[in-house]
Amino acid sequence: MAPLLPLAGVALSYGPHTDPLHELTATTPGGGLRLLLVRGAAVLAVCVPALTVAGALLPEVAGGPGPAAWLLPALALTLGALALGSYLGCRNAVAVVGGLWSLGVLAPVTVRYGALPAELLAQALTPWFSSPAAQAGWAGAAVCCAALLAVRRHSFDAYDRPEFP
C-alpha cells in the first residue's frame, strides 16, 4: 500500500474541497497546473523516505532496485492520478487510481491464497515491483502519464472552464 501514500497527499493538496480560495488561485499565473505540480512535488518529497523504508522491507531480488522499488510505482500512480484529474478532478481521480491499485494488488493474492499473510503478499508482489522489467514498465507508465498531463495542462486553468465568465 506504500505507493498510495502520495495519492492521499495529492487528494488533500489541491482543489476547491481543500482550498477556500481555489478559484482565485487557479486564475493567477502561478495557479492551475503549476500550483498542482508544486504541491504534488511537496507531497512526493515528504513521502519518499516512507516509500524507501517500505521498499527496504521487500525481499531482495537479484538485479532489483532494492529499497527504491516503491518510488517509480508511486511516481507513476501520482502522475496517473494527476492526468486523470484533468478529466474527473483530483479527489475523484485519486479515488479511482487508488481503488484500481488496491484491487490489482489485493485481488490476485486473495484469490490465490484466500488470505493476506504479509509474507505471501510480499512474495507475490515482489516481481511486480523489484524486477528490472517491472521498474522499466513503471518508468514508462510515469512518462506516458506525464505526457498526458502536459497535453491536458489547460484543463486546470479556471479561465478555460465553461462556467468561468
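Guide: On one side of helix H7, the residues Ala133, Ala136, Val143, Cys144 and Val151 are exposed. Keep in mind that this is a predicted model.

Visitor: Which residues of H7 are buried, then?

Guide: The buried ones are Ala134, Gln135, Trp138, Ala142, Cys145 and Leu149.

Visitor: Where do those sit, seen down the axis of H7?

Guide: The buried residues of H7 fall within an arc of 100°, so they line one face of the helix. The exposed residues, Ala133 and Val143 among them, are on the other side.

Visitor: How many residues does H7 have, and what does it span?

Guide: H7 covers residues 132-151, which is 20 residues. From first C-alpha to last, H7 reaches 29 Å, close to the 28 Å expected at 1.5 Å a residue.

Visitor: Back up a bit. How many helices and strands does the protein have?

Guide: There are seven helices and zero strands. Read from the N terminus, the order of elements is α-α-α-α-α-α-α.

Visitor: What share of the residues is buried?

Guide: Of the 165 residues in the protein, 38% are buried.

Visitor: And the contacts, what part comes from residues 24 or more positions apart?

Guide: Counting contacts with a separation of 6 or more, 65% are between residues 24 or more positions apart.

Visitor: Which residues form the nonpolar patch on the surface?

Guide: Tyr87, Leu88, Val96, Leu100, Leu103, Leu148 and Val151 form the patch, and together they have about 680 Å² of accessible area. Helix H4 (71-88), helix H5 (90-113) and H7 each give two or more residues to this patch.

Visitor: Which helix gives the most?

Guide: H5 does, with three residues.

Visitor: Take Leu88. Which helix is Leu88 in, and what is its relative accessible area?

Guide: Leu88 is in helix H4. Its relative accessible area is 41%, so Leu88 counts as partly exposed, the cut-offs being under 20% for buried and over 50% for exposed.

Visitor: Different spot. Is Val38 buried or exposed?

Guide: Val38 is exposed, with a relative accessible area of 52%. It lies in helix H3, residues 33-56.

Definitions and conventions. Residues are numbered from 1 along each chain as its sequence is written. This is a predicted model: local features need pLDDT of at least 70, side-chain atom pairs count only at pLDDT 80 or more; totals for chains, interfaces and linings use all residues. Side-chain values use heavy atoms; hydrogens and water are left out. Helices (H or I, at least four residues) and strands (E, at least two) are DSSP runs, numbered from the N terminus. Buried means under 20% relative accessible area, exposed over 50%, partly exposed in between (1.4 Å probe, protein chains only). Contact means heavy atoms within 4.5 Å. The expected span of a helix is 1.5 Å times one less than its number of residues. The arc is that of the directions from the helix axis to the C-beta atoms. Patches are made of residues with over 30% relative accessible area and no salt bridge: like charges are joined within 9 Å, nonpolar side chains (Val, Leu, Ile, Met, Phe, Trp, Tyr) within 5 Å. Accessible areas come from the Shrake-Rupley method with a 1.4 Å probe; for residues, only the protein chains shown count as cover. A salt bridge is a side-chain nitrogen of Lys or Arg within 4 Å of a carboxyl oxygen of Asp or Glu.
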